[in-house]
Amino acid sequence: MTELILEVYQRDSEDDAVRDVVQQALRNKREQLPVASIILRATTISEKTEARARALTLLGTIGGVKAEETLLGALKEESI
């Protein structure tokens, strides 16, 4: 189920209702998501900027303390 939610999220639906449901589902499934690998993708300098931006956006959606710390760290970087 978590994989399906992530797949729908990555499609970037233009329908606000769909996007809201998917974002809430991701927040509810936060504990089942590979947050550590998402954080790694978001913080790896050698990763393409677009991939890092997608990972940071996903972290902003799922929330949580680790996501928040990563996002605040990214704000301090000149490369973002």
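Me: Let's start with one residue. Which residues does Leu71 touch, leaving out those up to four places away in sequence?

Reply: This is a predicted model, so everything here is read from predicted atoms. With sequence neighbours up to four places away left out, Leu71 touches Leu56, Leu59 and Gly60. Leu71 itself sits in helix H5.

Me: Is Leu71 buried, exposed or partly exposed?

Reply: Look at the relative accessible area: under 20% is buried, over 50% is exposed, and anything in between is partly exposed. Leu71 comes out at 26%, so it counts as partly exposed.

Me: How far is Leu71 from Glu31 in space?

Reply: For a question like that, go from C-alpha to C-alpha. Leu71 and Glu31 are 18 Å apart that way, and 40 residues apart in sequence.

Me: Which residues of H4 are buried?

Reply: Here's the general idea: an α-helix has 3.6 residues a turn, so residues three or four places apart point the same way. In H4, the buried ones are Ala51, Arg52, Ala55, Leu56, Leu58, Leu59, Thr61 and Ile62.

Me: I'd like to look at Arg52 and Thr61. What accessibility do they have?

Reply: Both are in H4. Arg52 has a relative accessibility of 3%, so it counts as buried. Thr61 has 7%, so it counts as buried too.

Me: What should I look for in a nonpolar core, and which residues touch the most other members here?

Reply: In soluble globular proteins, nonpolar side chains tend to be buried together. The largest nonpolar core in this model has 18 residues, and those touching the most other members are Leu26, Leu33, Val35, Leu58, Leu59 and Ile62. At least two residues of this core come from each of H1, H2, H3, H4 and H5. H4 gives the most, with five residues.

Me: Leu26 is on that list. What does it touch?

Reply: Apart from residues up to four places away in sequence, Leu26 touches Ile5, Leu6, Tyr9, Leu33, Leu58, Thr61 and Ile62.

Me: Now the largest pocket. How much space lies in it, and which residues are closest to its centre?

Reply: Start with the volume, then move to the lining. The largest pocket holds about 300 Å³ of space. Its lining has 15 residues, and the closest to the centre are Tyr9, Gln10, Arg54, Thr57 and Leu58. Helices H1, H2 and H4 each give two or more residues to the lining, and H4 gives the most, with five.

Me: Last one: Asp20 and Val21 sit side by side in helix H2. Which is exposed and which is partly exposed?

Reply: Go back to the cut-offs. Asp20 has a relative accessible area of 47%, so it is partly exposed. Val21 has 56%, so it is exposed. Asp20 and Tyr9 are 11 residues apart along the chain, and their C-alpha atoms are separated by 9.9 Å. Val21 and Gly60 are 39 residues apart along the chain, with 15 Å between their C-alpha atoms.

Terms used: Residues are numbered from 1 along each chain as its sequence is written. This is a predicted model: local features need pLDDT of at least 70, side-chain atom pairs count only at pLDDT 80 or more; totals for chains, interfaces and linings use all residues. Side-chain values use heavy atoms; hydrogens and water are left out. On a 1 Å grid over the protein atoms alone, a cavity is a set of points where a 1.4 Å probe fits but cannot get out, and a pocket is an open set with protein on both sides within 12 Å along at least five of seven lines; lining residues have an atom within 4 Å of a point. Grid points are joined across faces, edges and corners, and a volume is the space filled by probe spheres set on the points. Helices (H or I, at least four residues) and strands (E, at least two) are DSSP runs, numbered from the N terminus. Buried means under 20% relative accessible area, exposed over 50%, partly exposed in between (1.4 Å probe, protein chains only). A nonpolar core is a set of buried Ala, Val, Leu, Ile, Met, Phe, Trp, Tyr and Cys residues joined through side-chain atoms within 4.5 Å. Contact means heavy atoms within 4.5 Å.
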